[in-house]
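The sequence and structure are shown first.

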Amino acid sequence: MTVAAATPDDVEALTQLELESFPGESWTADYLRVAIDGQMPTIRVRSLRVAQEVVGYAIVSVVFEVAELQRVAVAPAYRRRGLARALVADVVSMAAAEGAERLLLEVAESNAAARALYASLGFVEIDRRERYYRDGATAVVLELDLHNVEHG
Ligand SMILES: CC(C)(COP(=O)(O)OP(=O)(O)OC[C@H]1O[C@@H](n2cnc3c(N)ncnc32)[C@H](O)[C@@H]1OP(=O)(O)O)[C@@H](O)C(=O)NCCC(=O)NCCS
């Protein structure tokens with residue numbers, strides 16, 4: 001398993017993962033291509049590969065002291081193997097290395113899998129946003145303090 005910067009060759013796999021993982025809210029191939037090409041200077045796209053195949057990814061923005069985890073997803077057939085944990089760990093150390101002090105994210109109140117993942121990594125709830133998603137669901141805003149994160 002490896003986690004590395006996404007390349008233009010990953011756009012197709014990431015588009016498919018978006019459709020599977022965020023139905024109704026998925027980002028388009030064009031948007032992903034622009035993000036991967038580096039045309040959004042604050043955005044980093046990380047691909048996770050198992051045996052050369054892209055089976056997960058994370059997208060994070062880093063703006064001075066605040067990083068935001070915008071996306072993390074793992075292909076359904078590869079879930080519950082610790083891959084999302086590895087992706088978030090990668091994002092955490094990268095954001096800390098770039099000088100971020102906090103990592104924020106929004107997660108649907110009903111997304112038990114993701115909420116359990118973030119709780120196990122030490123994220124804490126700091127806010128709630130009602131009707132945040134297109135389907136009217138509430139978002140829970142979580143934060144991880146990056147001050148004590150080891151980074152290379
Ligand atoms: C959420 C998601 C990224 C988790 O990916 P994953 O690779 O299966 O997660 P991991 O195997 O790294 O799980 C780490 C921990 O998270 C928790 N967790 C993950 N999936 C869970 C589930 N379905 N139910 C309960 N807890 C879960 C567990 O604590 C797990 O540790 P354990 O397996 O030792 O018990 C994946 O389910 C996914 O892609 N979902 C769709 C997209 C999504 O909702 N992304 C998050 C948006 S905020």
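## Surroundings of Ala73

The model is predicted. In it, Ala73 touches Ser21, Phe22, Val55, Gly56, Tyr57 and Leu87, leaving aside residues up to four places away in sequence. Ala73 lies in strand E4, which spans residues 66-74.

The relative accessibility of Ala73 is 6%, so the residue counts as buried, the cut-off being under 20%. Between Ala73 and Leu17 the C-alpha to C-alpha distance is 7.1 Å, although the two are 56 residues apart in sequence.

## Nonpolar core

The largest nonpolar core holds 45 residues, and Leu69, Leu103 and Tyr118 touch the most other members. Helix H3 (residues 83-97) contributes the most to this core, with eight residues.

Leu69 has contacts with Ala58, Ile59, Val60, Val88, Val91, Leu103, Leu104, Leu105 and Tyr118, when residues up to four places away in sequence are not counted.

## Packing of H1 and H2

Helix H1 (residues 11-21) packs with helix H2 (residues 29-36) at an angle of about 130°, and their axes are 9 Å apart. The crossing of H1 past H2 is right-handed.

On the H1 side, the contact is made by Val11, Leu14, Thr15 and Glu18; on the H2 side, by Ala29, Leu32, Arg33 and Ile36. By type, the residues of this contact are five nonpolar, one polar and two charged.

Note on methods:
Residues are numbered from 1 along each chain as its sequence is written. This is a predicted model: local features need pLDDT of at least 70, side-chain atom pairs count only at pLDDT 80 or more; totals for chains, interfaces and linings use all residues. Side-chain values use heavy atoms; hydrogens and water are left out. Axes are lines fitted to C-alpha atoms, for helices over the stretch in contact, and angles run from 0 to 180 degrees between N-to-C directions. Helices (H or I, at least four residues) and strands (E, at least two) are DSSP runs, numbered from the N terminus. A crossing is left-handed if the near helix is turned anticlockwise from the far one by less than a right angle, and right-handed if clockwise. Contact means heavy atoms within 4.5 Å. Ala, Val, Leu, Ile, Met, Phe, Trp, Tyr, Cys and Pro count as nonpolar, Asp, Glu, Lys and Arg as charged, and the others, Gly among them, as polar. A nonpolar core is a set of buried Ala, Val, Leu, Ile, Met, Phe, Trp, Tyr and Cys residues joined through side-chain atoms within 4.5 Å. Buried means under 20% relative accessible area, exposed over 50%, partly exposed in between (1.4 Å probe, protein chains only).
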